[in-house]
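Subject: Structure for you to look at, with notes

Dear colleague,

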Amino acid sequence: MTRIKSFLQWLTETKLGFFIIVLVAFWLKTYAIYLTKFNLGAVGSMQNFLLLLNPLPAGVLLLGIGLFFKGRKSYWIIIAIDLVLSLWLFANILYYREFSNFLSLSIIKTSGSTADNLGKSIVGITHATDFLALLDVAVIVALLCSKLIKYDLRPLKFKFNVLVEALAVLMIGLNLLMAQKDRSGLLTRTFDNNYIVKYLGMNEYAVYDGFKTAQTSAQMAKANVSDLGSVQKYLKANYVKPNPQYTGVAKGKNVLVIHLESFQQFLIGYKWKGKAVTPNLNKLYHAKDTLSFANFYNQVGQGKTSDAEMMLENSLYGLQSGSAMSSYGTSNTFESAPAILNQQGGYTTAVMHGGAGSFWNRNNAYKQFGYQYFMPLSYYQNKPKYYIGYGLKDKIFFNQSIKYIERLPQPFYLKMITVTNHYPYEIDKKNQSINKTDTEDETVDGYVQTAHYLDQAIGELMQWLKKTGLDKNTLIMMYGDHYGISGNHHKASAQLLNQDEFTDFDNLKFQRVPLMFHMKGLKGGIKKTYGGEIDVLPTLLNLLGINDKGTIQFGHDLLSKGAPQIVAQRNGDFITPQYAKVSGTYYDTKTGTEIAKPDKKLKMQLVAISNKVTTQLSLSDRVIDGNLLRFYKPKWFKKVKASDYDYNKDKALKKLFSANKTSLWYHNHQKTTQKEFKTDAPELEK
Ligand code: GP9
Ligand code: MN
């Protein structure tokens, strides 16, 4: 008893005790807020441990500053710091509720309108429990004023205070190390700001983001109009006229883009133990009204899905490191597919995805791209059995998307991002309807199983499109975003392909992913042209008959007779119908053999291709890191203003559900077509 009493006395009557009270209160409330107010999705013991730990180091570091002061001042400085930290926490709660993202200096600086909008609705969105973020500060002030906490006027030793700060820095370092171990590339790949907060904490995130912003704005400040001039000069010199036979064949049609997660070309036609892995996609691939590309390559870098999206929406490459959508998506000017289609073809534009809206900074980047609607996970009903890995299972996702698709004013440009076929390729028993492969490589063997599931989900969606007749006026475009089996699995990959070995060149060819355009009446066929994700936008715009001459795009119409067929990889490797380069070694594309000693003429040719690839990549980088499109003002393009878009669910759905005479729902006698979507998803069985 006396022990407890003397401990309490120490807490309330010494300066260090006071510091501990403030620190522990700050720590615990932050943790409680993490759990209740944010959607950080910590899984596993390491992530949960770091989530619990991470408010502490920053707390010690910042509150510790107050210890350096003397007398009463020291107490009030600690309280002032605590108040600032708590207000920051409070503001983040509100901001997160509205935007599913965390506050940062760049957001405060670049989107005045965000603050405006938030300002207007602050009262409306504040919940009583949000004040928990400030409660402890008020209690501590009250305790101090009522003398339940007494001032201790003795100064602490300077050395001791330095030690406290050093300890905090050490803890931050340790925290970073553990986080990096659990999630490599946490700071370099920046997939999701939620991850940084989950692993490192909110204040660390603000510092990190401040750094990034300073870096990017320095690069941007250096860029000027003449940089744009040299890009334009290059693009003009390398312009390839699109194929006139295909110009406008899909004019005015809806465009339904289906993002096939981690889907490789080799799956098309692939059989496991006599059973086709992707029967629906196989059928589509070979259909007479499908344009399929057999030598279409993914060209992503570290930004994976987001790089694929960047290329497809803008015909600009991802960056050498990190994700362009994460680093530049919030503030850069773009001339993206949705904005072009909306302005030139009156399209309604939307993205649906059963995963977190913050992933790859989609919440912000899609606004800069000009997407009118973005429906991430928060627009969907979620239950533990509906969800796996990074989002809703594809069948559940499609099923729940019907009510939104049928309401879109037509013509629409809709992108649906699937996610079940994602590393580590796991799916629950009930949804397994093909055996795993038997390479004994754990991350490889599930791949056919999740790919099969994705294929079934596509089959269900296609049935619905047919039943509702939507297929008659829709151009369906499907693409695989990047490899599913990385280059670290040579042995298992050789086994899957039934080959004796799997070389670096094989791995380059493994980067092929499907690209298909399917539409009733389209003159289809399987094209052998070599191309990549950078080429999709010019190809699509030509099919839709939308003039894109003069836009800053690095790709070419894949159907053009003059397509250059040089496919760059983000690391400078390339492949053409004749030659390939993989980490410094040249290959003959047809035979796969190494070109060890090219003669002088061939050498020059190979170097020329290599140079072309690097020139293209670096010019594209310049467009993004210099934000060059802000200088670009073609007459026909109206600059996109992010503040024109609001992805707030209630507002967006109110707009979407107000009767629109061009929607499928309206044509269906103002009735839903939900029943036409037949699914065998076991989660939905009654
Ligand atoms: C999650 C997703 C996955 O929203 O799109 O991205 P990836 O890990 O494939 O880059
Ligand atoms: Mn992906």
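This is a predicted model: local features need pLDDT of at least 70, side-chain atom pairs count only at pLDDT 80 or more; totals for chains, interfaces and linings use all residues.

The partner is helix 11 (residues 193–200), whose axis comes within 7 Å of that of helix 12 (residues 202–222) and crosses it at roughly 130 degrees. The two helices are therefore oblique to each other, and helix 11 passes helix 12 in a right-handed crossing. On the side of helix 11 the contact involves Asn-193, Ile-196, Val-197 and Leu-200, which meet Met-202, Glu-204, Tyr-205 and Tyr-208 in helix 12. Sorted by class, the residues of this contact are six nonpolar, one polar and one charged.

A second pair of helices can be described in the same terms. The axes of helix 2 (residues 15–37) and helix 8 (residues 132–145) come within 9 Å and cross at roughly 165 degrees. Because angles over 145 degrees count as roughly antiparallel, helix 2 is roughly antiparallel to helix 8. Helix 2, too, makes a right-handed crossing as it passes helix 8. Helix 2 contributes Phe-18, Ile-21, Val-22, Ala-25, Phe-26, Lys-29 and Ile-33 to the contact, while helix 8 contributes Leu-132, Ala-133, Asp-136, Val-137 and Ile-140. By class, the contact of helix 2 with helix 8 has ten nonpolar residues, no polar ones and two charged ones.

Helix 21 (residues 447–468) deserves a look on its own, since it has 22 residues and reaches 32 Å between its first and last C-alpha, close to the 32 Å expected at 1.5 Å a residue. Helix 21 is mostly covered, with 18 of its 22 residues buried, and after it comes Gly-469, whose phi is positive, near 80 degrees.

Several points of backbone geometry are found in loops. The peptide bond from Gln-410 to Pro-411 is cis, with omega near 0 degrees, and Pro-411 lies in the loop between helix 19 (394–405) and strand 9 (412–417). Another cis peptide bond joins Tyr-423 and Pro-424, where omega is about 5 degrees, and Pro-424 belongs to the loop between strand 9 and helix 20 (442–445). Tyr-425 is located in the loop between strand 9 and helix 20 as well; although Tyr-425 is not a glycine, it has a positive phi of about 55 degrees, and at 3% relative accessibility it counts as buried. Trp-360 likewise is not a glycine and yet has a positive phi of about 55 degrees. You will find Trp-360 in the loop between strand 5 (348–353) and helix 18 (362–369), where it counts as buried at 4% relative accessibility.

His-259 sits in strand 1 (residues 254–260) and is buried, with a relative accessible area of 0%. Leaving aside its neighbours within four places in sequence, His-259 is in contact with Thr-305, Met-416, Ile-417, Thr-418, Tyr-479 and Asp-481. Lys-549, by contrast, counts as exposed, at 51% relative accessibility, and is part of the loop between helix 24 (536–543) and strand 13 (567–568). With neighbours within four places in sequence again left aside, Lys-549 is in contact with Tyr-239 and Trp-636. The C-alpha atoms of Lys-549 and Trp-27 are separated by 57 Å, the two residues being 522 residues apart along the chain.

With best wishes

Technical notes: Residues are numbered from 1 along each chain as its sequence is written. Chains are lettered from A and ligands numbered from 1 in the order in which they are written. Side-chain values use heavy atoms; hydrogens and water are left out. Axes are lines fitted to C-alpha atoms, for helices over the stretch in contact, and angles run from 0 to 180 degrees between N-to-C directions. Helices (H or I, at least four residues) and strands (E, at least two) are DSSP runs, numbered from the N terminus. Angles under 35 degrees count as roughly parallel, over 145 as roughly antiparallel, 65 to 115 as roughly perpendicular and the rest as oblique. A crossing is left-handed if the near helix is turned anticlockwise from the far one by less than a right angle, and right-handed if clockwise. Contact means heavy atoms within 4.5 Å. Ala, Val, Leu, Ile, Met, Phe, Trp, Tyr, Cys and Pro count as nonpolar, Asp, Glu, Lys and Arg as charged, and the others, Gly among them, as polar. Buried means under 20% relative accessible area, exposed over 50%, partly exposed in between (1.4 Å probe, protein chains only). The expected span of a helix is 1.5 Å times one less than its number of residues.
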